[in-house]
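Have a look at the model first, and then we can go through them together.

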Amino acid sequence: MDDNMSNENLQFATQEQLQGSQSGSGNMHMSWSARTIGAMLLGNILYALTVKLFLLPANLASGGATGIALAAHYATGLSVSGILLLVNVSMLVVGFFALGKSFVVTTLLSTFLIPAALEVFDKGLGDFVLTRDILLCTLFAGLGVGISLGIVIRTGASTGGMDIPPLVLYKYFRIPVSVSLYAFDVLILLLQVPLHPAENILYGILFVMVSAIALDKTMMIGTTQTEVKIISSKSAELRDAILKQLDRGVTLLDAEGGYLHDKRQMIFSVISNRELFRLEKIVHGIDPASFMVITRVSEVKGRGFTMDKQVL
């Protein structure tokens, strides 16, 4: 990524891309539809706008390729967009030779679009400052970066930059992606310490935390579902009600009480978050004494969710 992201999402996204490049899959699990391209454009442009409106005015420290570009800008006065382009292209060349051309396909757009959009905003907005409040800049920078990265990653693409060295290390030395990414980010942040007041470094840490949370939430939008386990003496009635009234699949699992050793059937089902209230109403109407366990799950794949329901 051009910036920090949460451990789990980064490792999943980047290793998925690496596996795709090694298998020779040119599309890297991406569907090059107008919607996908539009989402990639939106994510990259939002990222550049966030850097212009919030990161630069607040003089915040950052990780990744953006952190390198900002540090070089503060030290030399050179254009952030120009330095970012140089870093991204350098990493793209490394990725091409080390990871293959299939990997480059998913990073090509972001490599050039983010610096280009940043240059356009820099020229178009000039010295315009939305706010100089460092706390507001920190919070909105974290939100903007997290949401924009999430939008790009959900398309199956990458923003390139400092994503690539951890992938190379993983491919050749099996160093976990998350470990090497954090090592690079810590190093980049440490290099910026002499260039920023101590207060700005602390705000930079807050920015990293907010962006990670925003990224996680963006990645989970539209994918979270609710898993329900129900233990009841009226499992047959509940099964029929869920199938007919909610039109959701049900799995019956044999269960045994740990104290009385009474054998019953436990109902297992996955429903949408909106259907939870209806399900609770159905269950309480049939068996108010039933035992329910409700769990939020991050993603569900299969019929009724990522595939059409099968009509028997």
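In which helix is Phe140 found? Phe140 belongs to helix α6 (residues 134-154), where helices are DSSP runs of H or I with at least four residues, numbered from the N terminus. This is a predicted model, in which local features need pLDDT of at least 70 and side-chain atom pairs count only at pLDDT 80 or more, while totals for chains, interfaces and linings use all residues. Residues are numbered from 1 along each chain as its sequence is written, and side-chain values use heavy atoms, with hydrogens and water left out.

A search of the whole structure turns up 2 aromatic pairs. Rings of Phe, Tyr and Trp (its six-membered ring) pair if their centres lie within 6.5 Å; planes under 30 degrees apart count as stacked, over 60 as edge-to-face and the rest as tilted.

| Pair | Centre to centre | Angle of planes | Class |
|---|---|---|---|
| Phe54 and Phe140 | 5.7 Å | 20° | stacked |
| Phe96 and Phe97 | 5.2 Å | 85° | edge-to-face |

Phe54 is buried because its relative accessibility is 11%, whereas Phe140 is partly exposed at 43%. In the other pair, Phe96 is partly exposed at 40%, and Phe97 is exposed at 66%.

Technical notes: Helices (H or I, at least four residues) and strands (E, at least two) are DSSP runs, numbered from the N terminus. Buried means under 20% relative accessible area, exposed over 50%, partly exposed in between (1.4 Å probe, protein chains only).
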